[in-house]
Amino acid sequence: MNQETPKESKKPKTKITLKEVLASSRPFSWVNTAAPFFVGYVISLGSLNLQAIIGMIYFTFFYNFLMYGVNDIFDYESDIKNPRKNSIEGGLVEKSKHKPLFIAIIITNLPLLIYMGITGSLISNILLVLLIFFAFSYSAKPFRFKEVPILDSINSSLHFVMPFVFGFVYASNNSLPWPAVIAFFFWGAASQALGAVQDIKPDRAAGIHSIATKLGAKFTN
């Protein structure tokens with residue numbers, strides 16, 4: 001008499017696809033970081049060169065893959081309850097693929113970061129380190145500034161202001177146009193707060209704090 005062999009448990013997928021990588025980088029948001037870097041660099045230098053092109057390439061895909069990929073990893077519990085995910089608002093990578101996703105982020109980012117570090121000045125390198133820190137600290141533990149109301153909007157705004165500031169300084173000009181930088185910063189903070197209002201329900205369901213969950217939709221607006 002033949003005995004039935006128990007069915008093998010389905011192993012979780014661990015291989016990340018190119019489609020998932022692109023979704024995590026949120027292509028519709030690339031212009032929001034590539035344009036500020038490019039504008040800052042060109043205004044500062046007054047012309048184009050190889051550094052400007054390579055920097056713009058970095059702030060198109062690679063930087064966004066770092067920023068939003070880390071966000072997808074640490075926001076997974078709220079993202080699975082968020083109807084805005086698996087759309088132009090971002091991907092939804094299975095939990096079993098988070099480790100290879102993180103490895104892919106590091107491997108893809110390092111080469112151009114090293115290039116910009118070698119070709120930059122001391123001040124631009126400090127800004128580059130801060131820029132990467134803010135990209136990580138918004139979502140990643142133990143910092144996770146996105147759960148500190150008010151600070152979440154400040155940190156998020158720096159994601160877009162810092163590429164402009166870095167581009168300006170990377171082109172060897174430290175005389176920043178401060179009125180424009182400050183105006184851009186406040187616009188970025190307001191933009192993040194508007195997005196937080198849209199995420200109030202899934203954030204509250206996941207126990208995530210934000211400027212909108214703290215102050216409420218009406219006051220935040």
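Me: At roughly what angle do the axes of helix 3 (residues 50-74) and helix 7 (residues 151-170) cross?
Reply: This is a predicted model, where local features need pLDDT of at least 70, side-chain atom pairs count only at pLDDT 80 or more, and totals for chains, interfaces and linings use all residues. Residues are numbered from 1 along each chain as its sequence is written, and side-chain values use heavy atoms, with hydrogens and water left out. Axes are lines fitted to C-alpha atoms, for helices over the stretch in contact, and angles between N-to-C directions run from 0 to 180 degrees. The axes of helix 3 and helix 7 come within 12 Å, and they cross at roughly 155°.

Me: Is helix 3 roughly parallel or antiparallel to helix 7?
Reply: Angles under 35 degrees count as roughly parallel, over 145 as roughly antiparallel, 65 to 115 as roughly perpendicular and the rest as oblique. The axes of helix 3 and helix 7 cross at roughly 155°. That makes the arrangement of helix 3 and helix 7 roughly antiparallel.

Me: How do the residues of the contact of helix 3 with helix 7 divide into nonpolar, polar and charged?
Reply: Contact here is heavy atoms within 4.5 Å. Helix 3 contributes Q51, F59, Y63, M67 and Y68, and helix 7 contributes H159, F160, P163, F166 and Y170. Ala, Val, Leu, Ile, Met, Phe, Trp, Tyr, Cys and Pro count as nonpolar, Asp, Glu, Lys and Arg as charged, and the others, Gly among them, as polar. The division is 8 nonpolar, 2 polar and no charged.

Me: Is the crossing of helix 6 and helix 7 left-handed or right-handed?
Reply: Helix 6 and helix 7 pack with axes 9 Å apart at an angle of about 160°, and they are therefore roughly antiparallel to each other. A crossing is left-handed if the near helix is turned anticlockwise from the far one by less than a right angle, and right-handed if clockwise. Helix 3 passes helix 7 in a right-handed crossing. The crossing of helix 6 and helix 7 is left-handed.

Me: How many nonpolar residues are in the contact of helix 6 with helix 7?
Reply: The helix 6 side includes L127, L131 and F134, and the helix 7 side includes M162, P163 and F166. In this contact 4 residues are polar and none is charged. The nonpolar count is 14.

Me: Which residues of helix 6 make the contact with helix 3?
Reply: The axes of helix 3 and helix 6 come within 7 Å and cross at roughly 40°, so the two helices are oblique to each other. On the helix 3 side the contact is made by Y58, F59, Y63, L66, M67 and V70. The contact has 10 nonpolar residues, no polar and no charged.

Me: Which residues does L131 touch, not counting residues up to four places away in sequence?
Reply: L131 lies in helix 6. With 1% relative accessibility, L131 counts as buried (under 20% relative accessible area, with exposed over 50% and partly exposed in between; 1.4 Å probe, protein chains only). Beyond four places in sequence, L131 touches F59, Y63, M162, P163 and F166.

Me: How many Å apart in space are I211 and P149, C-alpha to C-alpha?
Reply: I211 is in helix 10 (residues 211-215), and its relative accessible area of 10% makes it buried. Its contacts beyond four places in sequence include P149, I150, Q192 and A196. I211 and P149 are 62 residues apart in sequence, and their C-alpha separation is 4.1 Å.

Me: Is R26 buried or exposed?
Reply: R26 is not a glycine, yet its phi is positive, at about 50°. R26 is in the loop between helix 1 (18-25) and helix 2 (31-45). With a relative accessible area of 11%, R26 is buried.

Me: Is S172 buried or exposed?
Reply: S172 is in the loop between helix 7 and helix 8 (178-198). Its phi is near 70°, a positive value in a residue other than glycine. At 68% relative accessibility, S172 counts as exposed.

Me: Is the peptide bond from K141 to P142 cis or trans?
Reply: P142 is in the loop between helix 6 (122-137) and helix 7. Omega from K141 to P142 is near 10°. The bond is cis.

Me: How many helices are there in the protein?
Reply: Helices (H or I, at least four residues) and strands (E, at least two) are DSSP runs, numbered from the N terminus. The protein has 0 strands. The number of helices is 11.
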